[in-house]
Amino acid sequence: MTATTHPATAPTGTAASALRGNRRRRRARSVLVTCALTVAVAALFVLTMMVGSFRIGAGEVVASVLHLSDNPSVDFVVRGLRLPTAATALTVGLALGASGTIFQQLLRNPLASPDFVGITSGAGFAAVTGIVLLQAGGLVVSGLALGGAVVAGLLMYVLAWRDGVTGYRFILIGIGASVFFDGLVGYVLSRARLFEARQAMHWLTGSVGQASGDELRLLCAALLVLLPVAVLLQRPLRALELGDDAARTLGTRPDLSRAGLLATAVVLVALAVAVAGPIVFVALVAGPIANRLLGPATGGIVPAALVGAALLLTADLVAVHLMPTPLPTGVVTGAVGAPYLLWLLATTNRQGAGG
Amino acid sequence: MTRLRAEGLTLGYDDRTVVANLDVTVLDGRITAIVGANACGKSTLLRGLARLLPARDGAVYLDGRAVADMRTADVAKVLGLLPQTPVAPDGITVADLVSRGRYPHQGWFRRWTDRDHDAVTRALDATGTTDLIDRPIRDLSGGQRQRVWVAMALAQETDLLLLDEPTTYLDINHQVELLRLLRTLNAQSGKTIVVVLHDLNLACRFCDHIIAMSDGAIVAEGTPADVVSAELVQKVFGLDCLVVPDPVAGTPMVVPV
């Protein structure tokens, strides 16, 4: 700093080539990571459908999924039994990864995953109420979960609103709301009969194996619309990350962009929870893992979504095939995610920064 | 004709009015310092000029048009601001941050162009931050960090640049270095600069025009030599002092008694 180059005499050629090199490296890394993640997700997707009590080769799986072969027994196992679970893991993972990283970047805090800011809990409360009080099942429970998540998201936005939404207030209110909803879930469960309580607990653990075809189709359609929207909104998000003043100076309308981003993220996580139940920690870790791969503060929504899908596919493989008895996916993600959360809390405090 | 001015500008937060009915004219191609005691409304005025605070009454005009009626993206191509406490995303590198200054010049689908590249190169050059481009912001010293933020504002390529207390948290060496940088930018490109400063001596030394504020009103305006006197310092800061010529530049220098 003391040996400062005087502004007027700094050599222009160096700056230009240094900047060009920097951009090229960042772009190459981003392309490489995105491609590698895509390949990994595709491989895991196929692998999920290969293993099980009836082993099938990769070629047969691909041929069956793409309707290129006609082998009734393979088709039954692949398309009938394994494809729905694999597709659920894939789409729910994509939705959770994208949603989580949007929340974290928007609120500038690695703890600001939808798991913790009350949205997942809102969905859980609505779903459990439906299961216990209305003896609901299937699509009704998903619809209730979707509604609960959206209402919780709106509630959070209204409560946290004061001259715009700021990160810390949103997180603190979210944690409060989360605890509130969890308390209500506990109350409802304590009033439930054994069968319904068991149903509700199973739903609350989160599993990619419980989705119905209709729910899955809804999530696929939503992803086809919302992922491109999220990619478009990445642009204002990059400005918003610098603070509201800087974002406005750069020519964005912070409140409008934030509302759009929050709405996208809430709907994504709401659909994911509606389809698979509250699968914890995927949304929390996907963004930071993607950032670790891409380089800091790159905040790619697509890579984060891919990481989410890879994580959930892996968790499902572990839960169903590596455990002595098949477990709900949420148990595995929780077991892996909890140590990460502890590490995150420990390092966040040490740096004295919220993110 | 002046490009940026305010008429009858009233600004405030919640139910509190901070500045009322101000007329301000920013001189084109000059460096203007807004000075005053703490909480006199100088940062509020700057935020009002930069459309970060909506006008309660009156209006800010940019190139003859009311800023409130302009698209914020269009204003961003002409008017830049370095906020008092900008936020850097965790781990972001200098190159990434400075490049984000190009935001208003890029469309939803437009990719990085040679113009963007040149603007960022010039900004890095002008602020002497080229050597830092691969470094994360959090690893930099306060002075380096402030130059990087200035570089981001420069990459925006605006004719007018507002800076909100850019020298706070910097030691005297880096304060002077930053103000020299602003002088150089002004001399080389004729950029109009408005800067909120705490240090009256530095304002006199490095700025062409001074706006002195007290209790949300402008109490004096003009060149440092015309404006800064013992009476003014008493009135604005409540400090008894002598004003003597700066031994190096001859500009007014405040010496407390």
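**A close look at one strand residue and beyond**

A: Let's start in chain B of this predicted model, where Asn21(B) sits in strand S2, which covers residues 16-26. What is the phi of Asn21(B)? The angle is near 55°, a positive value in a residue other than glycine. With a relative accessible area of 56%, Asn21(B) is exposed, because anything over 50% gets that label.

Look for Ala39(B) in the loop between strand S3 (31-36) and helix H1 (42-49) of chain B. Ala39(B) is exposed too, with a relative accessible area of 79%.

Now for the charged side chains of chain B. Side chains of opposite charge can pair when their charged atoms come close. Arg5(B) and Glu7(B) do this in a salt bridge, at 2.3 Å from N to O. Arg5(B) is partly exposed at a relative accessible area of 24%, and Glu7(B) is partly exposed as well, at 38%.

Another salt bridge joins Arg115(B) to Glu157(B), with 3.3 Å between the closest N and O atoms. Here distant parts of the chain are linked: Arg115(B) belongs to helix H4 (residues 114-127) of chain B, while Glu157(B) is in the loop between H5 and strand S7 (160-164), 42 residues apart. Arg115(B) is exposed, with a relative accessible area of 52%, whereas Glu157(B) is partly exposed at 25%. These two also belong to a network of salt bridges that takes in Arg102(B), Asp116(B) and Arg122(B).

Over all chains, the count comes to 23 salt bridges. One of them is in chain A, where Asp244(A) pairs with Arg258(A) and the closest N and O atoms are 2.9 Å apart. Asp244(A) lies in helix H9 and Arg258(A) in helix H10 (residues 254-276), so the pair ties together parts of chain A that are 14 residues apart in sequence.

Rolling a probe the size of a water molecule over the atoms shows where empty space is left. The structure holds 1 cavity of 30 Å³ or more, and the largest cavity has about 50 Å³ of space. Its lining draws at least two residues each from helix H9 (244-249) of chain A and from strand S6 (79-82) and helix H5 (142-155) of chain B. The largest share, 3 residues, comes from H5(B). Among the lining residues are Ala246(A) and Thr249(A) from chain A, along with Leu81(B), Leu82(B), Trp149(B), Met152(B) and Gln156(B) from chain B. By type, the lining divides into 8 nonpolar residues, 2 polar and no charged.

Tyr168(A), Leu172(A), Ile175(A) and Val179(A) make a nonpolar surface patch of about 430 Å². Of these, Ile175(A) is found in helix H6, residues 167-190 of chain A. Its relative accessibility is 41%, so Ile175(A) counts as partly exposed.

Technical notes. Residues numbered from 1 in each chain as written. Chains lettered and ligands numbered in written order. Predicted model: local features only at pLDDT ≥ 70, side-chain atom pairs only at ≥ 80, totals over all residues. Heavy atoms only, no water. 1 Å grid on protein atoms, 1.4 Å probe; cavity = no way out; pocket = protein on both sides within 12 Å on 5 of 7 lines; lining within 4 Å. Points joined across faces, edges and corners; volume = space filled by probe spheres on them. Helix = DSSP H or I, 4+ residues; strand = E, 2+ residues; numbered from the N terminus. Nonpolar A, V, L, I, M, F, W, Y, C, P; charged D, E, K, R; others polar. Patch = residues over 30% accessible without salt bridge, like charges linked within 9 Å, V, L, I, M, F, W, Y side chains within 5 Å. Areas by Shrake-Rupley, 256 points an atom, 1.4 Å probe, with all protein chains shown as cover. Salt bridge = Lys/Arg side-chain N within 4 Å of Asp/Glu carboxyl O. Buried < 20%, exposed > 50% of the residue type's maximum accessible area, 1.4 Å probe, protein only.
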